[in-house]
Amino acid sequence: AVADVGLTPVTITLLADATGDGIKVEAPKNITFDLGGHTYNVDGTTVGSSGTETNGFQLQKGSAVTFKNGTITSDKAKILIQNYSDLTLENVVLDGRNLDDARPYTLSLNNGNVNITGNTSILAKANGGVAFDLYYWPDGGYLDGVQVTVNTTGTISGPIELSQDGTGADEAAKHNKLTIQNINHEGTISNY
């Protein structure tokens, strides 16, 4: 279903709890994953760029993606969602508490406009996991940076990191932006 989506907005609705492989959303796509109150568990093959296929979802630059109304989890992925797209998280739980790594990322943000809204929760693995990061990565071709707005009544559990690829903090600060309007955060915010 994902492969058939283009720029015309499409909603894919989950009708029951499901398990399966990771999903790569290649550009350009305009897609909403309506989880319908259910859970999608990435328990099969993970996805990603060549040599780093460790993601539950990889969302490529040039797409607009929304996840809403349910839960995504995995005990196979090292990164639950790796994002380069314009992303909206609405009334969704990203449960990274069982990710398969000593330092897993529930949500890794490298590019795009990201809105965390409604009653969205992002849960990191205890003792080493990261809830989400904003990584400025111009060396990887992502010059625009990441602009994140957090306005959720859910819980962000685990560290939030702001970092960059060595370009420099001043340059990263010009492109990456974290705006917190409402948050229940259990953890630290680190600016590397």
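Start with Asp101. With a relative accessibility of 29%, Asp101 is partly exposed (buried is under 20% relative accessible area, exposed over 50%, partly exposed in between; 1.4 Å probe, protein chains only). This is a predicted model: local features need pLDDT of at least 70, side-chain atom pairs count only at pLDDT 80 or more, and totals for chains, interfaces and linings use all residues. Residues are numbered from 1 along each chain as its sequence is written, and side-chain values use heavy atoms, with hydrogens and water left out.

Asp101 and Lys78 form a salt bridge, N to O 3.9 Å (a side-chain nitrogen of Lys or Arg within 4 Å of a carboxyl oxygen of Asp or Glu). The two sit 23 residues apart: Asp101 in the loop between β9 (86-95) and β10 (105-109), Lys78 in the loop between β7 (64-74) and β8 (79-83). Strands (E, at least two residues) and helices (H or I, at least four) are DSSP runs, numbered from the N terminus. Lys78 is partly exposed too, at 33%.

Next, select Glu161 and Arg103. Their closest N and O atoms are 2.1 Å apart, in a salt bridge. Glu161 belongs to strand β15 (residues 160-164) and Arg103 to the loop between β9 and β10, so the pair ties together parts 58 residues apart in sequence. Glu161 is buried at 5%; Arg103 is partly exposed at 40%.

Move to helix α1 (residues 169-175), where Lys174 and Glu171 are three residues apart, about one helical turn. Lys174 forms a salt bridge with Glu171 at 3.5 Å between the closest N and O atoms. Lys174 is exposed at 62%, and Glu171 partly exposed at 28%.

How many salt bridges does the structure hold? Four.
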